[in-house]
Amino acid sequence: MKQVAILGSTGSIGCNTLRVIDALAGSFGVSALGAGGNVELLAQQIEKYRPRVASVADEAAADKLRFALKQRSVPAPHIGIGVNGLSEVATCANTDIVVGAVVGALGLLPVYRALELGRRVALANKETLVIAGELMTRAAEKSGAELLPVDSEHNALHQCLRGEQRKEVKRLILTASGGPFREASKAEIESATRAQALKHPTWQMGAKITIDSATMMNKGLEVIEARWLFHASADEIDIVVHPQSVVHSMIELVDGSLIAQLGVTDMRHAIQYALTYPARHPADLPALDLTTLSKLEFFAPDPERFPCIKLAYQALRAGGTMPAVLNAANEIAVAAFLADQIKFGDIARLIGAACTEHTPQAADSLDTVLRADQWAREWVANAITANAQAASAT
Ligand SMILES: NC(=O)c1ccc[n+]([C@@H]2O[C@H](COP(=O)([O-])OP(=O)(O)OC[C@H]3O[C@@H](n4cnc5c(N)ncnc54)[C@H](OP(=O)(O)O)[C@@H]3O)[C@@H](O)[C@H]2O)c1
């Protein structure tokens, strides 16, 4: 039985991972669970899976968790706190697979520690590779760790690339649903509300990635993620808008053949693949019924209405610490939009301004990328405060 540690067990990917583990009864156990503040759900998970290590965001959450476990008469596992706690989850003894499913830069250190130990990392937390792709892939190469994508597009690419020679692959083609504003005008997108932006047409996901899908920064981050996972250059990675989200991504070979992976929009498929690879286990999951599909459409993305796509390619080409700045600026801007502090259109403007202000350095250590990340967070937070003050003065 393989032991799995989950970073972000109470989130959308985390809960789906536990559903996959349930469905594959007897194949996987749970060694450690890391969460933030959803203590009630974490206590339920600890009662059911009995991990040896758990982690929460802060001391207050740890106290609540101990209380919730006592009420259930469940012995408390070792409880870690914050990023250190997540690292304890990632490095918990006798663990085979670490699922990276927290949101944003938070996953960086824990995932790095797991890769250093040579563990398989099933990675949903794409921001980790955006911020420090070179360091992560180098750590994996050094220890022999496997880095398997859970993100559905990259999971699809991984499946398409099985058995192909890298030199015979011409292009990686990431599909994008286009999000809720695929057909909206520039003016409608500029002033889109939180409720409109949170209404993803095809996928059920956490709030941050849903907003990233609405700005299409999600696809931009995925381009950078693909660069590191598949050793491809920016010129070899394309985006195509595919509103039905049936084709999860494709590769084009040098002879012009396209190979695609198709499926329903259920993340459990990608999670199961990353857990069981290279084996394929029978899955009691919804299957794709081709006869019910009326059409499959593909369009070129529109970087004018979705400037985040351009910003991500520019950051990838600039290299070094620029993708870390892009990611951190996006995290702060998305949080501000979700807190009704900025307009939807401000998200891309703030990211663009932060990237313009930044002079990239070589991303040769975690300290360097974390400094760039911190600089961008402060720069964008200050810009939001300054804009709010200017607005209230007029
Ligand atoms: N959802 C999808 O279908 C999907 C698809 C592809 C890729 N991804 C990627 O997968 C990652 C997770 O996405 P998601 O949609 O599953 O996110 P989510 O539903 O928002 O879950 C986030 C998880 O992170 C935890 N967390 C938040 N703040 C924390 C903190 N300060 N300390 C420790 N843990 C904290 C949350 O814990 P609490 O809830 O306990 O606070 C929760 O377990 C993201 O990088 C996303 O881009 C997601």
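The model is predicted. The protein is divided into three parts: domain 1 (2-149), domain 2 (163-265 + 286-311) and domain 3 (319-394).

**Domains 1 and 2**

The centres of domain 1 and domain 2, taken over C-alpha atoms, are separated by 27 Å. Domain 1 gives 13 residues to the contact, and domain 2 gives 11 residues. On the domain 1 side, helix H6 (127-143) and strand S7 (147-149) each supply at least two residues. H6 gives the most to this side, with 6 residues. By class, the side of domain 1 that touches domain 2 has 6 nonpolar, 5 polar and 2 charged residues.

**The ligand shell**

Around the ligand there are 27 residues. Those that come nearest are Gly 11, Gly 36, Asn 38, Ala 124 and Gly 206. Domain 1 (2-149) and domain 2 (163-265 + 286-311) each give at least three residues to the shell. Helix H1 (residues 12-23) provides the largest share, 3 residues. The shell divides into 13 nonpolar, 11 polar and 3 charged residues.

Two packed helices are described by the angle between their axes and the distance between the axes. The table gives both values for each pair.

| Helix pair | Angle between axes | Distance between axes |
|---|---|---|
| H2 (residues 39-49) and H3 (residues 59-71) | about 45 degrees | 9 Å |
| H4 (residues 82-90) and H5 (residues 108-116) | about 25 degrees | 8 Å |
| H14 (residues 322-338) and H15 (residues 344-357) | roughly 150 degrees | within 9 Å |

Take H2 and H3. Their axes pack at an angle of about 45 degrees, so the two helices are oblique to each other. The crossing of H2 and H3 is right-handed. H2 brings Val 39, Glu 40, Leu 42, Ala 43 and Ile 46 to the contact. H3 answers with Ala 61, Lys 64, Leu 65, Ala 68 and Leu 69. The contact of H2 with H3 has 8 nonpolar residues, 2 charged residues and no polar ones.

Next come H4 and H5. Their angle is about 25 degrees. Angles under 35 degrees count as roughly parallel, so H4 is roughly parallel to H5. H4 passes H5 in a right-handed crossing. From H4, the contact uses Val 83, Leu 86, Ser 87, Val 89 and Ala 90. From H5, the partners are Leu 109, Pro 110, Val 111, Arg 113 and Ala 114. The contact of H4 with H5 has 8 nonpolar, 1 polar and 1 charged residues.

The last pair is H14 and H15. Their axes cross at roughly 150 degrees. Angles over 145 degrees count as roughly antiparallel, so H14 and H15 are roughly antiparallel to each other. H14 passes H15 in a right-handed crossing. H14 contributes Met 322, Val 325, Leu 326, Ala 329, Asn 330, Ala 333, Val 334 and Phe 337. H15 contributes Phe 344, Asp 346, Ile 347, Leu 350, Ile 351, Ala 354 and Cys 355. The residues of the contact of H14 with H15 divide into 13 nonpolar, 1 polar and 1 charged.

Note on methods: Residues numbered from 1 in each chain as written. Predicted model: local features only at pLDDT ≥ 70, side-chain atom pairs only at ≥ 80, totals over all residues. Axes fitted to C-alpha atoms, helices over the stretch in contact; angles between N-to-C directions. Helix = DSSP H or I, 4+ residues; strand = E, 2+ residues; numbered from the N terminus. Parallel < 35°, antiparallel > 145°, perpendicular 65-115°, else oblique. Left-handed = near helix turned anticlockwise from the far one by under 90°. Contact = placed C-beta atoms within 7 Å. Nonpolar A, V, L, I, M, F, W, Y, C, P; charged D, E, K, R; others polar. Near = placed C-beta within 6 Å. Domains from an automatic or database assignment.
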